[in-house]
Amino acid sequence: MGLLCLLYLICALRTNIVFVTIFFGLFFTFVLLTGSYWQGAIGHASAAANLQVASGAFAFLACLAG
């Protein structure tokens, strides 16, 4: 999903700033969520929680833009 959002981000560069902001936020949301699940799987619960908070911040940015 993150790679698809990256592709959409690249394609949206010619369109407008709103789409770029939405896909930028979504891309980093998915990347940070992936890192969060990865850290949780290897037992680093505090790092996973911090990554989930950062992911939520980028998701909030995407929601504000859209």
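A residue is called buried under 20% relative accessible area, exposed over 50%, and partly exposed in between, using a 1.4 Å probe and protein chains only. The model is predicted, so local features need pLDDT of at least 70 and side-chain atom pairs count only at pLDDT 80 or more, while totals for chains, interfaces and linings use all residues. Residues are numbered from 1 along each chain as its sequence is written, and side-chain values use heavy atoms, with hydrogens and water left out.

Let us begin with A12, in helix α1 (residues 2-12). Helices are DSSP runs of H or I with at least four residues, numbered from the N terminus. A12 is buried, at 4% relative accessible area. Leaving aside residues up to four places away in sequence, A12 touches F19, V20 and F23; contact means heavy atoms within 4.5 Å.

Now to the rings. Rings of Phe, Tyr and Trp (its six-membered ring) pair if their centres lie within 6.5 Å; planes under 30 degrees apart count as stacked, over 60 as edge-to-face and the rest as tilted.

| Pair | Centre to centre | Between planes | Type |
|---|---|---|---|
| F24 and F28 | 4.9 Å | 65° | edge-to-face |
| F27 and F28 | 5.2 Å | 70° | edge-to-face |

F24 and F28 sit about one helical turn apart, because they are 4 residues apart in helix α2 (residues 17-41). F24 is partly exposed at 36%, and F28 is partly exposed at 29%, whereas F27 counts as buried at 17%. F24, F27, F28 and F58 form one aromatic cluster.

Notes. Helix = DSSP H or I, 4+ residues; strand = E, 2+ residues; numbered from the N terminus.
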